Amino acid sequence: MRKRLIALMMALLLIAPGALAEIKTVTFPDGDIGLGLKFFESMDAVKQAVPSFKAGRSNVLEKTCDGMCELLGREAMLAFGAYRENKSEMIVLVMFAPEPAEAPALFEQLSEEVGRIWGEAEEAVYARTEDKAESLTLEDVAGGADAMIERRWERLRYTASVMIEPGEEDGHPRVSAMFSDELGYAGQAAERTRTYAEGTAFFRDTKWGMSMDDVRAAEPDVAFRQNGAYLMGQNSIKMFGDYDVVLTYMFGDGLSSSDAHLSPLGTREQNLAVFQDIRSHLVKAFGEPNADDVFYDEDRYKSQQEAEAANEVSYMTNFLPGDTQIELILYCSPDGYDFCVQYLDNTQMPPH
């Protein structure tokens with residue numbers, strides 16, 4: 001069950017972020033994000049909110065703890081923390097393994113509990129086989145249909161999801177709820193003196209910690225639209241040689257990350273050629289990368305080659321110049337591509 005929980009968190013967080021169609025907000029009474037859970041900052045906070053929690057361990061999710069607890073009168077696995085050290089995002093994920101006949105009612109119960117705080121959700125069905133997604137029901141998925149049904153809430157920096165998936169070898173479907181606060185750890189840097197290691201790279205003419213007005217002044221050629229904690233560029237500029245990019249700046253304790261989004265080309269091979277060209281550009285500026293990674297669903301595909309043949313694979317190259325982390329990322333899917341270079345302020349990350 002722990003393997004499925006970790007894989008689910010990784011898969012959801014590797015989805016490229018999209019622009020919000022409508023800005024919605026949410027407030028948490030007494031910090032309750034749903035099910036009596038909170039965005040936990042310490043083990044003591046977890047034990048206070050969930051007295052039955054017994055910590056396990058995870059070798060995959062950094063700065064994260066997972067373990068078993070009792071929620072809604074059922075045994076559940078609970079994970080909390082941050083995913084990957086370059087993220088300020090705070091995550092809480094709870095997963096149940098009910099009997100198939102009980103799973104649809106549990107899914108509805110979780111949705112109702114979350115909806116009391118988050119409001120109306122959007123629902124989506126993801127079929128992994130030739131089954132028609134629109135015809136699948138909760139009972140179908142609980143019975144083993146190779147699909148996932150999700151109810152999702154997006155509220156500015158916050159996201160919640162309730163999901164049902166078919167079971168693993170034990171035959172028990174998985175019903176889960178996941179909550180994320182994109183800027184959860186960013187505020188922890190507010191009381192620190194802002195100093196950076198020698199060799200720290202900054203994005204264009206900006207500096208970490210700048211205000212939105214400071215960034216606007218540093219980017220006179222970019223027309224911005226503010227969307228909550230983001231400044232989103234409305235026109236393209238040239239970067240990394242002669243590539244057109246659109247800029248997005250995110251703010252936590254001041255400026256905390258900067259993205260340059262490229263317009264993808266028609267095929268994976270064409271995009272990979274651009275990926276390698278920009279990688280070479282970054283190597284000249286910052287030296288050899290810290291890591292080159294390829295991500296794909298290892299439960300679905302036996303090899304990277306098989307995932308590439310299905311065009312369901314992501315490529316990432318990581319650089320660490322000083323206190324900045326730089327990620328060159330290419331997401332590939334049958335529906336298209338998403339391509340960006342992201343700079344992140346590592347001093348606004350949760351402490352070890």
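Trainee: Let us take strand pairing. In which sense do strand 10 and strand 12 pair, and over how many bridges?

Mentor: The model is a predicted one. In it, strand 10 (residues 230-233) and strand 12 (residues 243-252) pair in the antiparallel sense, over three bridges. To read such a pairing, one looks for bridge partners. Tyr230, for instance, has Met250 in strand 12 as its bridge partner.

Trainee: How does strand 11 pair with strand 12?

Mentor: Strand 11 (residues 237-239) pairs with strand 12 in the antiparallel sense, over three bridges. Here Ile237 has Val245 as its bridge partner in strand 12. The two strands form a hairpin, with three residues between them. Phe240, in the turn, has a positive phi of about 55°.

Trainee: How many bridges join strand 12 to strand 13?

Mentor: Eight bridges join them, and the two strands run antiparallel, strand 13 covering residues 254-262. Thr248 stands opposite Asp259 of strand 13. Strand 12 and strand 13 also form a hairpin, with one residue between them.

Trainee: Let us turn to helices. What span does helix 6 reach from its first C-alpha to its last?

Mentor: Helix 6 (residues 268-286) has 19 residues and reaches 26 Å, close to the 27 Å expected at 1.5 Å a residue. After helix 6 comes Gly287, whose phi is positive, near 85°.

Trainee: Now to salt bridges. How many are counted in this model?

Mentor: The count comes to 14 salt bridges. In one of them, Arg151 is joined to Glu108, the closest N and O atoms being 2.7 Å apart. Arg151 lies in strand 6 (residues 147-155) and Glu108 in helix 3 (residues 103-118), so the pair ties together parts that are 43 residues apart in sequence. Arg151 counts as buried, at 17% relative accessibility, whereas Glu108 counts as partly exposed, at 36%. A network of salt bridges links Glu108, Glu123 and Arg151.

Trainee: Where do Glu112 and Arg116 lie?

Mentor: Both lie in helix 3, four residues apart, about one turn of the helix. Glu112 is partly exposed, at 47% relative accessibility, and Arg116 is exposed, at 59%.

Trainee: Is Glu150, which forms a salt bridge with Arg152, buried or exposed?

Mentor: Glu150 is buried, with a relative accessible area of 3%. Arg152 is partly exposed, with 29%. The closest N and O atoms of this pair are 3.2 Å apart.

Trainee: How many disulfides are there?

Mentor: A disulfide is a covalent bond between the sulfur atoms of two cysteines. In this model the count comes to zero. Among the cysteines, Cys69 is buried at a relative accessible area of 5%, and Cys340 is buried at 7%.

Trainee: Finally, what may be said of the chain as a whole?

Mentor: The chain has seven helices and 17 strands. Of its 352 residues, 48% count as buried. The chain exposes about 17000 Å², of which carbon and sulfur atoms supply 46%. Among contacts between residues at least 6 apart in sequence, 56% join residues at least 24 apart.

Terms used
Residues are numbered from 1 along each chain as its sequence is written. This is a predicted model: local features need pLDDT of at least 70, side-chain atom pairs count only at pLDDT 80 or more; totals for chains, interfaces and linings use all residues. Side-chain values use heavy atoms; hydrogens and water are left out. A salt bridge is a side-chain nitrogen of Lys or Arg within 4 Å of a carboxyl oxygen of Asp or Glu. Buried means under 20% relative accessible area, exposed over 50%, partly exposed in between (1.4 Å probe, protein chains only). Contact means heavy atoms within 4.5 Å. Accessible areas come from the Shrake-Rupley method with a 1.4 Å probe; for residues, only the protein chains shown count as cover. The expected span of a helix is 1.5 Å times one less than its number of residues. Two strands pair if DSSP finds at least two bridges between them. A disulfide is a pair of cysteine sulfur atoms within 2.5 Å.
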